[in-house]
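Please walk me through this structure in the viewer. Tell me what to select at each stop and what is there.

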Amino acid sequence: MNNIGLRRVFNTLSVLALLYFGFFMVYSYFSPPAARLIAPLRWSYIWTKALILWVEALIPISASAAMIAYSLFIRVESGALREEPFHALVSSHLVLFTVLALLFTGLYMGVLPSARGGLERREFESERAEFFLERAQAAHQAHDYAAAVADFDRYLARDPHNEAVGGQREEAHSQLLGSGNDGGSEAGVPEPVQPLAASEYLARAQDFYSQEDYFSAHYYAVLANRLDSSRQDARRLAARAWEKIASLQPSRDDEEVRALFRTKKEGYAALVREQDSLKAYYIFNNLAKSYPQDPDVARYLEESRKQVEAISYFLDEAEAVEGVPGSGRILFVNVRQDNRREIVYIDNLVETEQGTFVTGVEVIQFEAGGGSDLHLASVYGKILPRQDEQEGSTIVLTGLDRNDPGRRQTPSYFTGDPRRLAASGRFENLLPLNLSREDLAVMRLGFPAAESLGLSALWQLRRRCERYGYPGAELAGEILDRILHPFSFLILCLFSVSLGWTFRVGASRPPRLGYVFLPFFPLGVALLTALYLGAQKTILDFVLGTLGFASALAVLLIMQGVLLFVALTVLAGQRTD
Amino acid sequence: MLESFAVKEILRLLLIFVAVLILVSTLFAALGLLGVLGREYAAKSVPSLSMVLARLPALLLDKLPLTLCTSLLLLLARSGLHPGRSLGAFVVVTAAAFSVLTFLFPLLEAAVPEGEQSRERILSSLLSPGYWRSDGERAYYVESVEEGRFRSLLVVTPDESRARFRYIPAGSTADVPGPAGPGRAAEPAAAFTPEGFAAQLDHELDLLNRELSRASRASRPRYLLFCFAVVFAFMAAIFLMRLSRWPLLNLFLSFLALRCIFYLFRLLREVAASELESLISNQDVMAALPVIGLLVFSGLLLLLHLLFLPVRRGFGGGTA
């Protein structure tokens, strides 16, 4: 019976597995999200979704196949074989089920989480692409061609072969060129200054001084002195350069040139001497409109912009993320050094080319049992890396208009006086976050990202998430569940062998109509599997809640050992006569 | 001699039925209690023994129809009992199942303590010091809870467009803005909610229990008729165990038919009832809809049984 039987078991399993994969492909094709996905993602989405459903259903499919094969196709007909014990006849079958259980482990623990993550990403990317397309078309109709082209490009980055959208983009682009507004020239903007050592800054300053470029000489000498305050030579060079700037007079008696020089000097003083980067930014930004080719203006506009962006964000960039799909409902305890609790809520987090923006930010601070003295909400914010080289990031909560110094967006304070808080240094519309960027995206209500994390990532996150107010037990439950499934696969397959053999058709021919029901067996077994897993999960969750993760893991392993023993004993007890 | 054997067989079957019933109830109740304890410990509250035992009648009540049909399936699958073999034993087992449902349901219902699922209990399980808990609509964070009083409670309502946080420095659970009443959404730990098929079955059991409760309050004849319809449907489904020469198929069909009874009930209560409301104005007929549905379904199963069953076939699909 062994070889023929093994082939029959394998064939039954293959047919049932293929049948269900086909069914899940059809289901995934017709289920709602697939139809509205962009073309390049549609088939990979359908394929991945079918794979996920199939792996999730593999236990009932395999158990049903074992049950059907042993009930219908395996027969002990020869007299000699009838003398053999049942376990001896099915020993090679046990090897097959063990190998299948190992394959299932790889699929369940390795492929399934990444497939779930991939499915979510595809859905998310498609949703974003649709959003950009709708926004591009709206901008096109409103004759905002620059915005339309930018959004068409964002869409086409995700769906490059869409000729219809490509045509719309070309139309918007030609209208943009015709309007003479090409979205602003980048000419004259110097390369960002790379961080150098103090001596190198000083060498640059000396070069510029010898070339009689006193603004640059002063700028680099100040940088060298800031890096190394003991350098008297840098301080002296900066003083000499500033004297030269002060004594400089425009060579031509031209009022415009005089005005430009005065304004540049004023902006430069604001940037370097007063360290008021915001004032400097608006001065150089105004000058850049009239003198876009002036290298000093371009350089200090860039420098002041960088400094401004370290404490604020530009409103046009933040407003552009309104409604863009992102990571939603982020809620966590922001760990602080003092004994105060700080809770942060972020309604949506969106990654863009300009950086990471957040919308609907709310922050509250309180002491245990005491009142709250800080509670604010901000429409937007921008996440920047921490300046102090600690793990984490900072949310800047002050929004600025790129051109209008009078237009600002600051948080609304429900509790707390912003001036007093700023004066005391407690809060200046900069919110340091004490968690990594990766953890931030996971700390969402209900842990929706947990099921797409691998076992090792879950294991590590289980400890860290407690700091942010999320019980590690939920992730521990997910870990136990992942370990439980492969064992259940093997045990339920073995029980199914016994059940199938007990209820075998015997010598008589099975009714032909009965074959019609074969594909439906996994549906019935799925309910029993759910009850079997549910009962074990209840026990494990109880142990997890009372004794902790290590005990729950030990109970899980003992329980599987006992169930495996019972399954093998029941199998060995089957009669062949 | 024959009569005494029949009486012995009947008594033996009755004893086995009671034993299986107790075993299955114990299993379901034990799992239910572990679930309750797990929830309590997950919520960092230490439950008292009296509190845990007070949940027992509710747990038994929740699973009573499932316990009954599982016990009947286990008993009849192995004993080979059917009307053709021993009508007396069959009638006694059916009557026993009917009696269990008829008498045990009101007893257990009366034993469920008032306010057992009160809003305060659900809220107190939502307040787990140092951790976020969510009821689906809101998230709760609390620094500490002692004897129903808490310190520093933050309630977060993500769907609010402004001021999502509501901070309450100290108070009792009565001050907590939370779910209006008990319900699935109030479950604090998602880990304990059964998924997929099992969740559907839970919902259908809940619907069946509510209907039983409604019928018991309406009138005695209506309640007895409803109990009879349920037990009759169970027995008709289990009859399929003799349908063909292939025992596994019989078992599968029988199991599927039992599952369909619960599904049919949901279909009649949630889908068909709203569709038929405009067509049938008589409230009595509408109230009797589940009973009619169950009886028609049982009749169809019996008809199928009569059409396919050769007279001499043994129970359990033995050789023809």
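Select chain A and colour by burial: of its 577 residues, 49% count as buried. Keep in mind that this is a predicted model.

**Stop 1: the fold.** Switch to cartoon. Chain A shows 22 helices and ten strands. Its radius of gyration is 34 Å, well over the 25 Å that the globule rule gives for 577 residues, so chain A is more spread out than a compact globule.

**Stop 2: the contacts.** Stay on chain A. Take the contacts with a separation of 6 or more: 68% of them come from residues 24 or more positions apart.

**Stop 3: the charges.** Now select the charged side chains of chain A. There are 57 positive and 67 negative ones. The centres of the two sets lie 6 Å apart.

**Stop 4: the interface.** Bring in chain B. How many residues of chain A are in contact with chain B? The count is 64, and they meet 45 residues of chain B. Together the two chains bury about 4900 Å². Of this, 74% is on carbon and sulfur atoms.

Select A:Phe503, A:Leu527 and A:Phe542. They supply 13% of the area that chain A buries against chain B, more than any other three residues.

Note on methods:
Residues are numbered from 1 along each chain as its sequence is written. Chains are lettered from A and ligands numbered from 1 in the order in which they are written. This is a predicted model: local features need pLDDT of at least 70, side-chain atom pairs count only at pLDDT 80 or more; totals for chains, interfaces and linings use all residues. Side-chain values use heavy atoms; hydrogens and water are left out. Helices (H or I, at least four residues) and strands (E, at least two) are DSSP runs, numbered from the N terminus. The radius of gyration is taken over C-alpha atoms; the globule rule is 2.2 Å times the number of residues to the power 0.38. Buried means under 20% relative accessible area, exposed over 50%, partly exposed in between (1.4 Å probe, protein chains only). Contact means heavy atoms within 4.5 Å. Lys and Arg count as positive and Asp and Glu as negative; His and the chain ends are not counted. The place of a charge is taken as NZ of Lys, CZ of Arg, CG of Asp or CD of Glu. Buried area is the accessible area (1.4 Å probe) that two parts lose on being put together, summed over both.
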